Amino acid sequence: MGEAIVTDVVIVGAGPAGLFAVFELGLLDIKSHLIDILAKPGGQCAELYPEKPIYDIPGYPRVNGQELVDNLLAQIEPFHPTFHFGEMVERLEVLGTPEAPSFRVHTSGGEIFESKVVIVAAGGGSFQPKKPPIEGIEAFERKSVFYAVRKMEDFRDKHVVIVGGGDSALDWTLNLHPIAKRITLVHRRDDFRAAPHSVNSMRELVAAGHMDLRLGQIVSLRGEAGELSAVVLKGSDGEAEIACERLVPFFGLTMKLGPIADWGLNLHENLIPVDTEKFETNVSGIFAIGDINTYPGKLKLILSGFHEGALAAQKVHRYVYPDKRLSFQYTTSSSSLQKKLGVN
Amino acid sequence: MVKITFIDSFGQHRTVEAEEGTTVMENAIRNGIPEIVAECGGGCACATCHVYVDEAFLEKTGKPSEKEEDMLDFAYKVQPNSRLSCQIKVRPELDGMTVTTPDRQG
C-alpha cells in the first residue's frame with residue numbers, strides 16, 4: 001500500500017456535475033482529485049449517449065454528450081484536476097470533527113486519499129456489469145463465472161464460453177484464444193456490433209476450426225460447488241449443452257449505488273438528501289451534487305448539477321480555508337479569477 | 001387517442017390511451033406500468049424497456065433499427081417479437097395493440 005494522496009477535495013464521479021465542480025472549486029483555489037469507475041471522464045454523457053444531442057444546456061441550443069464533456073474538460077484544464085479512472089471508492093473513514101472535517105478515502109484499486117471534503121457526484125451510482133438472469137448463477141460467480149477478465153491465468157487451458165456481440169466479447173475472445181483450451185463465442189444473432197476487424201479475425205478462427213461460434217441465448221448452467229461443467233444454449237433449433245469450465249457474459253453495464261450505501265449517509269430511495277443552501281449531506285464535509293442527490297423540487301438535469309456544485313464550493317471554501325474570508329467575484333471582471341484561468 | 005394494452009409477466013392487463021407521436025415507453029412510464037424501467041430515459045441506450053409485441057402488430061410496428069438490435073443484445077429472453085418500447089412510435093394503426101413485458105429488465 002502506497003502513501004496517501006493528500007488533497008483538498010475528493011470528487012466521486014467524473015460526470016458533468018463532478019467536472020464542473022472542479023471549475024467552481026478551482027476559482028476558490030481548492031484542489032481536487034476525481035475518482036470514477038469508468039475508464040474515461042463524462043459519466044453517463046460519455047458512456048450512454050456520446051452522440052445524442054442534448055437541448056437543455058444553457059447557451060447551447062444543441063450539444064451532444066461527448067462534445068459537452070470535451071468542453072467541460074477544456075474549461076477545467078487551468079485547474080489541473082487529477083483523474084483516477086477504473087476505480088471505485090469502496091470505503092470512507094470520517095476523521096476530524098463536524099467543524100473541521102477530514103476524510104480518508106479507500107478505492108478498489110488500493111489507493112488512499114486524505115481530504116478535507118468529499119463531494120459525491122456519482123449520478124445514478126457506479127456502472128457495473130449486468131448479470132444475466134440465469135437461475136443459480138450467483139453460486140458460480142468469481143469461481144467459474146466472471147463478468148470481466150481480471151487475471152488471464154484463470155482461463156488458461158479451460159474451455160471458455162464468452163457471451164456477447166460487442167467489443168468486450170470479441171476482444172476477450174481473441175485475447176483468451178491463445179491460452180484457453182477452446183473458446184466458444186455465444187451471441188443471439190449472427191451480426192456483431194464490435195469493430196469489424198475483430199469480427200473478421202473471429203470469423204477466420206471459426207472457419208479454420210480453431211474456435212466455435214454458436215447462436216442463441218444461455219438459459220441454464222450445469223455444475224456443482226461453483227464449478228461449471230456446461231451451459232445450456234437455447235437456439236432457433238432447440239436446446240443444446242456446451243461443455244465448459246468458464247463463462248464470461250458481457251451484457252453491458254447498469255448503474256448501482258454500490259458501496260456509497262455504507263458510508264453512513266442518510267439515503268432516501270437510493271438518493272442522498274441534501275440541503276439546498278450548501279448541498280451538504282447529514283455528514284459535515286460530505287456534499288452530494290447532481291443526479292445522486294435529492295431535495296424538495298429536485299430536477300435531474302445537468303444544469304441542476306452545475307448550480308449545486310457552485311453553491312457547494314462556497315461552503316467547501318470554509319472547510320478548506322477556515323481563516324479566509326470569501327468575497328464573491330465574477331470571471332468577467334475579477335483580475336484574480338482571470339489570472340487563475342490563465343486568461344490575464 | 002390510441003389504445004395500447006400492457007400485459008405484465010403475471011398476466012395482468014392494463015390499457016392506456018396513448019397520444020400519437022409519443023413512444024410506447026413514454027406511455028408506460030406516464031401510466032406507472034410495472035416491469036418497464038427505461039433507465040436511460042428513451043435514448044436507445046440501455047435495453048430496460050424491452051417488450052414482446054403482439055404478433056398481429058409486428059408488421060405495423062416495423063423492424064428494429066440496427067442500433068436497437070445492438071441494444072437488444074443486452075436484453076434478456078429476447079424473442080423474434082422483442083422490441084425496445086422507446087423505439088416504437090404511437091400511430092393510429094397501432095390502436096388495440098398489446099405488448100407483453102418480460103419478468104425482468106436486467
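1. The residues lining the largest cavity divide into nine nonpolar, two polar and no charged. This is a predicted model. The lining comes from chain B: Ala38(B), Cys40(B), Gly42(B), Cys44(B), Ala45(B), Cys46(B), Ala47(B), Thr48(B), Cys49(B), Leu84(B) and Cys86(B). The space inside is about 30 Å³. A search of the whole structure finds one cavity of 30 Å³ or more.

2. The largest pocket holds about 1,800 Å³ of space. Its lining has 44 residues, and the closest to the pocket centre are Glu47(A), Pro129(A), Ser168(A), Gly252(A) and Leu253(A). Elements giving two or more residues to this lining come from both chains: helix 2 (43-47), strand 9 (126-129), helix 4 and strand 17 (253-256) of chain A, with helix 3 (66-72) of chain B. Which element gives the most? Helix 4 of chain A does, with four residues. By class, the pocket lining has 25 nonpolar, five polar and 14 charged residues.

3. Now chain A as a whole. Chain A has seven helices and 20 strands. Its C-alpha atoms fill a box of roughly 70 × 45 × 40 Å along the principal axes. Of its 344 residues, 49% are buried. Take the contacts in chain A between residues at least 6 apart in sequence: 57% of them join residues at least 24 apart.

4. Helix 3 of chain A has 12 residues, which should span 16 Å at 1.5 Å a residue; the end C-alpha atoms are 17 Å apart, in agreement. Gly65(A), Leu68(A), Val69(A), Leu72(A) and Ile76(A) are buried in this helix. Seen down the axis of helix 3, these buried residues fall within an arc of 100°, so they line one face.

5. Helix 5 of chain A covers residues 196-207. Its 12 residues reach 16 Å from first C-alpha to last, close to the 16 Å expected. Ser198(A), Val199(A), Met202(A) and Leu205(A) are its buried residues. Down the axis of helix 5, they fall within an arc of 120°, so they line one face of the helix. Pro196(A), His197(A), Glu204(A) and Ala207(A) are exposed on the other side. What do the buried residues of helix 5 pack against? Their partners are helix 4 (167-176), strand 11 (182-187) and strand 12 (212-215) of chain A. Just after helix 5, Gly209(A) takes a positive phi of about 80°.

6. Two backbone angles deserve a look. Most residues other than glycine have a negative phi. His80(A) has a positive phi, near 45°. His80(A) sits in the loop between helix 3 (65-76) and strand 5 (82-85) of chain A. Is His80(A) buried or exposed? It is exposed, at a relative accessible area of 59%. Ala225(A) also has a positive phi, about 50°, although it is not a glycine. Its loop runs between strand 13 (217-224) and strand 14 (227-235) of chain A. At 69% relative accessibility, Ala225(A) is exposed.

7. Thr294(A) lies in strand 20 (residues 293-294) of chain A. Thr294(A) has 18% relative accessibility, so it counts as buried, the cut-off being under 20%. Leaving aside residues up to four places away in sequence, Thr294(A) touches His268(A), Leu271(A), Ile272(A), Pro273(A) and Val274(A).

8. Back to chain B. Gly11(B) is in the loop between strand 1 (2-7) and strand 2 (13-18) of that chain. Gly11(B) is partly exposed, with a relative accessible area of 37%. Gly11(B) and Asp95(B) are 84 residues apart along the chain, and 20 Å separates their C-alpha atoms.

Note on methods
Residues numbered from 1 in each chain as written. Chains lettered and ligands numbered in written order. Predicted model: local features only at pLDDT ≥ 70, side-chain atom pairs only at ≥ 80, totals over all residues. Heavy atoms only, no water. Expected span 1.5 Å × (residues − 1). Buried < 20%, exposed > 50% of the residue type's maximum accessible area, 1.4 Å probe, protein only. Arc of directions from axis to C-beta. Contact = heavy atoms within 4.5 Å. 1 Å grid on protein atoms, 1.4 Å probe; cavity = no way out; pocket = protein on both sides within 12 Å on 5 of 7 lines; lining within 4 Å. Points joined across faces, edges and corners; volume = space filled by probe spheres on them. Nonpolar A, V, L, I, M, F, W, Y, C, P; charged D, E, K, R; others polar.
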